[in-house]
Amino acid sequence: FFFKQKTAYEIVDCDWSSDVCSSDLAERPGLWLAMAQSALRGGDGAAALRATRGHQAEGPTEPKVLLLQAQAQALLKNPAGVVQSLQALVQADEAAGRATAEPPLKLLAATQLQQGDERGYRQTLERLVRQHPAPAYWADLIARWRAQPDLPATLHLDALRLARRAGALEDRLEVLELVQLAVQAGQPAEALAVLDEAEIGRAHV
């Protein structure tokens, strides 16, 4: 049979308009997907990208194909392509009413940060906080929020309170800052509770 006589890489370059290659249209999307996965395992980003585009030409794009496409773009050292594919994946997940998995969101955030896209990075970070809440994501988001030059001083206490609830107070200095701001706001009980949680003696106030 024809497909048993050729490698996946040869099939990628096949003339799909021919009678042989178009003999089983129903199986072609799955074949493109398998070829993309095989190419990625072999470290061939260009072949993987061609395979994902071949899959897209067959009809609706599956989310996993967009992830494979992003991985191929990463192999090709094309960060803009990575972001484009992953943003398309996020949009597809939103349209389907499902959360995007954590690994592609982390890849998207890292690539945006690498490109210096602060706005895009923050949006992805907010999505990570909503869909995959973790202290590290909260700490990063709150730190960036507090670093805004126009943030009113009164909101610093609220930011640290939020970090405390999320388990995202990063170090002893932040704990002590929260204690100090709580005392200044007339909330000594809150300050003592923070100290108790952090197991810092009251003598350090």
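Reply: Arg 146 comes out as buried, because its relative accessibility is 15% and the cut-off for buried is under 20%. Keep in mind that this is a predicted model. The side chain of Arg 146 meets that of Glu 177 in a salt bridge, 2.6 Å from N to O. That pair ties together distant parts of the chain: Arg 146 belongs to helix α8 (residues 135-146) and Glu 177 to helix α10 (residues 172-184), 31 residues apart. Glu 177, for its part, is partly exposed at 28% relative accessible area.

Arg 127 and Glu 94 make another salt bridge, with their closest N and O atoms 2.9 Å apart. Arg 127 is buried, since its relative accessibility is 14%, while Glu 94 is partly exposed at 48%.

Then there's Glu 62 with Lys 64, a salt bridge whose closest N and O atoms lie 3.6 Å apart. Both ends are partly exposed: Glu 62 has a relative accessible area of 31%, and Lys 64 has a relative accessibility of 45%.

Some bridges also share partners, and in that way Glu 118, Arg 122, Asp 140 and Arg 144 are joined into one network. For the overall tally, the structure has 11 salt bridges.

Technical notes:
Residues numbered from 1 in each chain as written. Predicted model: local features only at pLDDT ≥ 70, side-chain atom pairs only at ≥ 80, totals over all residues. Heavy atoms only, no water. Salt bridge = Lys/Arg side-chain N within 4 Å of Asp/Glu carboxyl O. Buried < 20%, exposed > 50% of the residue type's maximum accessible area, 1.4 Å probe, protein only. Helix = DSSP H or I, 4+ residues; strand = E, 2+ residues; numbered from the N terminus.
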